[in-house]
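Please have a look at the model first, and then we can go through it together.

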There are 2 protein chains.
Amino acid sequence: MLESLFSPKSIAVIGASRSPGKVGHEVVSNLVKSGFEGDIVPINPSADEILGLKCYPDLKSYPGKIDLGVIAIPTRFVRAATESCIAAGAGAVVVITAGFKEVGKEGARLEDELARYCTAHGVRLMGPNSLGLLNTHTKLNASFASRMPKAGNISVLSQSGALVTAILDWFAARQLGMGKMVSIGNKADLNENDFLRVFAEDEKTDVIVGYLESIIDGDEFVRVAEATSSVKPVMILKSGTTQAGTKAASSHTGSLAGADIAYGAAFHRAGVIRAEGFEELFDYATAFAMQPLPRGNRVAIITNAGGPGIMAADAVENSGMQVAILSNSIATALKKKLPDAASVGNPIDVLGDAEPNRYVMAVNAAQEDDGVDAIVVILTPQAMTLPAETARAIAKCLQGKKPVMACFMGGEDVMPGRDELVAHNLPDYPAPERAVAALKAMCGYSAWRNRPPRIVTRFPVNRHKVERIIARHLRMQLNQIGEGKAKEILRAYTFNVPPGGPAVSAEDAIEVAERIGYPVAMKISSPDILHKSDMGGVKLNLPRAGAVRDAYDLMMLRIGQRAPDAHLEGVYVERMCSPGREVIIGMTRDPQFGPMLMFGLGGIFVEVMKDVTFHLAPITHDEAIQMLESTRSFALLKGVRGQAGVDLNAIADGLQRISQLVTDFPQIVEMDINPFIVGPVGTNPVAADARITIK
Amino acid sequence: MLESLFSPKSIAVIGASRSPGKVGHEVVSNLVKSGFEGDIVPINPSADEILGLKCYPDLKSYPGKIDLGVIAIPTRFVRAATESCIAAGAGAVVVITAGFKEVGKEGARLEDELARYCTAHGVRLMGPNSLGLLNTHTKLNASFASRMPKAGNISVLSQSGALVTAILDWFAARQLGMGKMVSIGNKADLNENDFLRVFAEDEKTDVIVGYLESIIDGDEFVRVAEATSSVKPVMILKSGTTQAGTKAASSHTGSLAGADIAYGAAFHRAGVIRAEGFEELFDYATAFAMQPLPRGNRVAIITNAGGPGIMAADAVENSGMQVAILSNSIATALKKKLPDAASVGNPIDVLGDAEPNRYVMAVNAAQEDDGVDAIVVILTPQAMTLPAETARAIAKCLQGKKPVMACFMGGEDVMPGRDELVAHNLPDYPAPERAVAALKAMCGYSAWRNRPPRIVTRFPVNRHKVERIIARHLRMQLNQIGEGKAKEILRAYTFNVPPGGPAVSAEDAIEVAERIGYPVAMKISSPDILHKSDMGGVKLNLPRAGAVRDAYDLMMLRIGQRAPDAHLEGVYVERMCSPGREVIIGMTRDPQFGPMLMFGLGGIFVEVMKDVTFHLAPITHDEAIQMLESTRSFALLKGVRGQAGVDLNAIADGLQRISQLVTDFPQIVEMDINPFIVGPVGTNPVAADARITIK
């Protein structure tokens, strides 16, 4: 895929320059230096030759066909240059020139036209504002970053061109191997989704690393990233995470969500490994690129120094993984081979004077032991330590079935060892906590790869009824669906809603109450009143007609005083629910990733403790249960101190039904069922109040 | 201080050896190589000369006096060697030999005897199981680690000898300067507290770094560390944090505390900066060693690449610091000097082609701006970038009033720049998040240094009464003080306790109730029943005599069924408290650090959400308020959604009174006041239930 981009036979450089330091010169120079074996065609009206290559005044003068055009001339000439590339047969164009969307409206217009022109001609555009691309496997450096890393299995996409230079330098310093690297710039045409697809299919890429500041199309991203993660690991550093401003929201769900939570939910769903920083990104990439995935989370630690061994054990426990204990028989056999003072416990301490063979015996024991899923090998440079020999000996004894992370601590003394480790595809980290963090990322990804198939349940529902209610509201330009109609919608999606109805007078209210039976609750109906109980707009447990009348009159009096400008639609009278645990389930639609479901315990747990979880819709039963489990207050649902738990499956069902509702109706932009009252196992929860916003 | 250790004029090496690789050889060799200018006296019965130095068969044969003895001979000869060192005038002895406390009981006995022998002779002992020590300022390397770092202002103490080798190697690779380094080994005599004291007074030490696995004396540590932190920063990596097993506890406070929480509380109190990992430890040390403390938390970010700038801004916001915005006048002036496309916003983007002078202009603007407390400078290696020149130019323009952290990202291309940075005392980090984390540590320490004076309030109390109650319980070998007596203790410490009294029959209970007035609560009194309400041992709101009788009889029936073996002391009857917010305040005595006060919201907030904070006693009013503020549920106390808040000062008072009580009575090992019922501002909270354990 994208053959013209990654494996061109001939490349034109429009804006090639004779002056070193100029972008147009660097690109030609990098193409030459990288050993590119195809034709390089520099275009410059005022030069005959650049770096020994024949230069053409324009592309029309070049007699051959080109596959790829690289454009580095002032903004106003880019369109014409692109046309000339396409005329000369280019299948792809890279625009390095900046000054488009990022500088304002006019630039955005030019960029848009450029992209449409390319698309219309079936040509792919990378950029503008791109640094270019590299493909080590075709010896192609079509960028103005001069370093060419050694060939390897990590491919990189970066939204920041500047970062590319740092990444290349980093790869070079660590002797890491790279496959392809693209600087996607303004993403006018080719974007992260395209390159995820390409890298997913690329046989030379085993690990995909990305740096992103934004995403072009959230839905597409989730789809593509999930498909990609299913075949190879994708790790992404998403920056700008805290920049999201607060947005006006009419629901709890809406006010608690944010762009960063949405990205988290999307990455989680798609199996994308999220890195929180630059080092973490490449720490992870190195591990995935060099080692097999672990089958479980039991980690053996081998060390020649007690302190760092304890640090590693701390890090393993803190990460949620387990410090493995060798089985008795293997521990006993190893113990016999090691000196008396050595420990075959946890961690395995091969002692400060350990020579390479002692490490090998310990590593072999850990490899053989079925109770060990992964191995961390720590070495400190002590008097007798032979870092390089130890690295080679360990590499030689590995069977390749369990991941091994090395941590050769120190600086110059261990450097020869670290070089050997990298040469033998053993990832090395300067501190135990970093080795463990990388292992943890592998464990998480391994679990995701082995997740059960996602089966989204479809409940039989009355979709037409909801269609009618929404259509009527939209016709009347009403964006808020009040409690009464919201509950009709929920009933249509087989939620259990208490019997009740609207009323516009005390008599009316009594009539409804008599019909549905006492005791009843009465709630104000007004699109302008969000926190009803704060305004005196909720009365509970009304036992008889007199109480209903009193409640109605008092409510109207209080609301008149407290919210004189609110538009009142009357009240909603309904039968009191039996008590139970109050939870909140809801949805907010993220501008990027669409519907995000929320779950939290009701009241202060949501409002004060912010103890909520989000998940992209559509959701499966397993995922809904995971949402419940990942709240801090989960123990309250399961039951604590002799109190019975609630029906977890019933809450999961509720989340799935909301998922179906908001997937069926994209008009719904926010909704809360709050409280959703849940009882013991086997009971049907009640949607006691609901609020739906449509657009 | 410890002159004989750090500045000896002559050193005997007992166990000096001619064989390279042997510890006794390495120590002599390191002394020679380090350029030590005093006398080196190798002791070995079977050698005449080692490395050109005259060797003596024993110390008696050496005619001179020695200041320091370094011992590296088999365990069983160590005692005699120590004696000979002391006879030869040594003021300090370093025992490198292992095989003492760490191998078992007999070793512990030998070690203890050795320490007592030294103390009796007024000689300080470091070790056994020490790697030795270094002092770059006296060119002293009396260790078997061969690297001697360059002289500097960071002094290091390490409980792990093996880690010392990695630390030395790390310092060497990063060209970091070290002052003194000690490997404290088994800490038979000299321990962390001694060296904190020495480093605090040492004019050549500006920053103290420690690696600890345990602490000898918690109280002493807190005292010494607080005094030390008040003059220079102390940062410690404490490992083994997750190893603490669960301990049996009879209170909520006890069951929620643990060794790691106690260390956290102790470090917090003492102003010790806690590092969570090896890299973090030295990232912090580098920042403190090279840069001044910030006055506030507003951080300016200067970058030649957008992406890393955003990463840094994310890290600043996530850390709780603020991204500074340049003042209008300074921003406008800077904007004029920079190219059009540059941004003087947040971060300041000097663009990819920035030459050194552009960085200087931006740094100067940030230095001048009163709204900036600290500066992070990011550089990526782009085509026009001059890392070394930029580093030098920045170093030259610094006024030294605000801390500057550099982040030169990449590998080989930026290396010349990184070398220049270190040479100019500018800390450099490979990724923005690490630079920001170091800055955050400086901010936190700076705030601690400027904390208000600690004034512990003494409340007028009836101490004798408590003395009598505790003495009586101890005489009767009762460790649990029941609710009635516990409340008498609280009353003596001026807590507000509802009126009430014990009863052993229904008639008794009615009599108490009539005396104190209805409604009353009744609770079972039994040392064997911890969760009274779970057992049917609590009845509330009893309005009249009949209800009291029913409650008594039913309670006895239920307890008889549910806890047939419990020893019952009757019931406790008391007047019902007015409702309010239920919180829990308590104390548990940590084996290391003594009384730790706890605060949390009652019920599920403590039991399920574990939303509690701890603080070492004695506590000040400010610290007690900080405890409240640092719970996640603090908003509930302050008041949310129109609900009035509670009297925060009254809770703080309660914590201070517990603090006074447990400081006055070390016999109290655990206590809970649960619930402590708090009302609106101006009301007096009620200690509704209490439990005290003594020993």
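This is a predicted model: local features need pLDDT of at least 70, side-chain atom pairs count only at pLDDT 80 or more; totals for chains, interfaces and linings use all residues.

## How the two chains relate

By what turn and what shift along the axis can chain B be laid on chain A? A turn of 180° and a shift of 0.0 Å along the axis do it, with an RMSD of 0.1 Å. That is the relation of a two-fold axis.

Residues are numbered from 1 along each chain as its sequence is written, and chains are lettered from A and ligands numbered from 1 in the order in which they are written.

## The interface

Across the interface, 61 residues of chain B are in contact with 61 residues of chain A; two residues are in contact if their C-beta atoms, placed from the backbone, lie within 7 Å. Several helices of chain B each supply at least two residues to the side that touches chain A, among them α10 (278-290), α11 (306-319) and α16 (432-449). The largest share of that side, nine residues, comes from α5(B). Helices here are DSSP runs of H or I with at least four residues, strands are runs of E with at least two, and both are numbered from the N terminus.

By class, the side of chain B that touches chain A has 27 nonpolar, 20 polar and 14 charged residues. Ala, Val, Leu, Ile, Met, Phe, Trp, Tyr, Cys and Pro count as nonpolar, Asp, Glu, Lys and Arg as charged, and the others, Gly among them, as polar. Because 100% of the interface residues of chain B are also interface residues in chain A, the copies meet through the same surface.

## Chain A as a whole

Chain A contains 24 helices and 30 strands, and its C-alpha atoms fill a box of roughly 100 × 80 × 40 Å along the principal axes. Of its 695 residues, 55% are buried. A residue is buried if 20 or more other C-beta atoms lie within 10 Å of its own, exposed if 12 or fewer, and partly exposed in between, with C-beta atoms placed from the backbone. Among contacts between residues at least 6 apart in sequence, 72% join residues at least 24 apart.

The chain is divided into domain 1 (3-205), domain 2 (292-449), domain 3 (499-575) and domain 4 (581-694), with bounds from an automatic or database domain assignment. The centres of domain 3 and domain 4 of chain A, taken over C-alpha atoms, are separated by 27 Å.

Helix α18 of chain A (residues 483-492) is mostly covered, with seven of its 10 residues buried. Those buried in α18(A) include Glu483(A), Lys485(A) and Lys487(A), along with Ile489(A) and Leu490(A). Just after α18(A), Thr494(A) takes a positive phi of about 60°.

In chain B, helix α3 (residues 78-87) and helix α4 (residues 105-120) pack at an angle of about 10°, with their axes 11 Å apart. That makes α3(B) roughly parallel to α4(B), a label for angles under 35 degrees. The axes are lines fitted to C-alpha atoms over the stretch in contact, and angles run from 0 to 180 degrees between N-to-C directions. Val78(B), Arg79(B) and Thr82(B) in α3(B) meet Leu114(B), Tyr117(B) and Cys118(B) in α4(B). The residues of this contact divide into four nonpolar, one polar and one charged.

## Residues to inspect

Arg358(A) lies in helix α13 (residues 356-368) of chain A. Is Arg358(A) buried or exposed? Arg358(A) is buried, because 22 other C-beta atoms lie within 10 Å. Leaving aside neighbours within four places in sequence, Arg358(A) is in contact with Leu338(A) and Val350(A).

Two backbone positions also have a positive phi. Lys187(A), with phi near 55°, sits in the loop between β11 (177-183) and α6 (192-201) of chain A and is buried, with 24 other C-beta atoms within 10 Å. Gln477(B) also has phi near 55°, but it counts as exposed, with 6 C-beta neighbours inside 10 Å. For cis peptide bonds, see Ala617(A) to Pro618(A), with omega near -5°, and Asn674(B) to Pro675(B), with omega near 0°. Pro618(A) lies in the loop between β27 (612-616) and α22 (621-629) of chain A, whereas Pro675(B) lies in strand β28 (residues 668-678) of chain B.

How values were computed:
Copies are superposed by least squares on the C-alpha atoms of residues with pLDDT of at least 70 in both. Angles under 35 degrees count as roughly parallel, over 145 as roughly antiparallel, 65 to 115 as roughly perpendicular and the rest as oblique.
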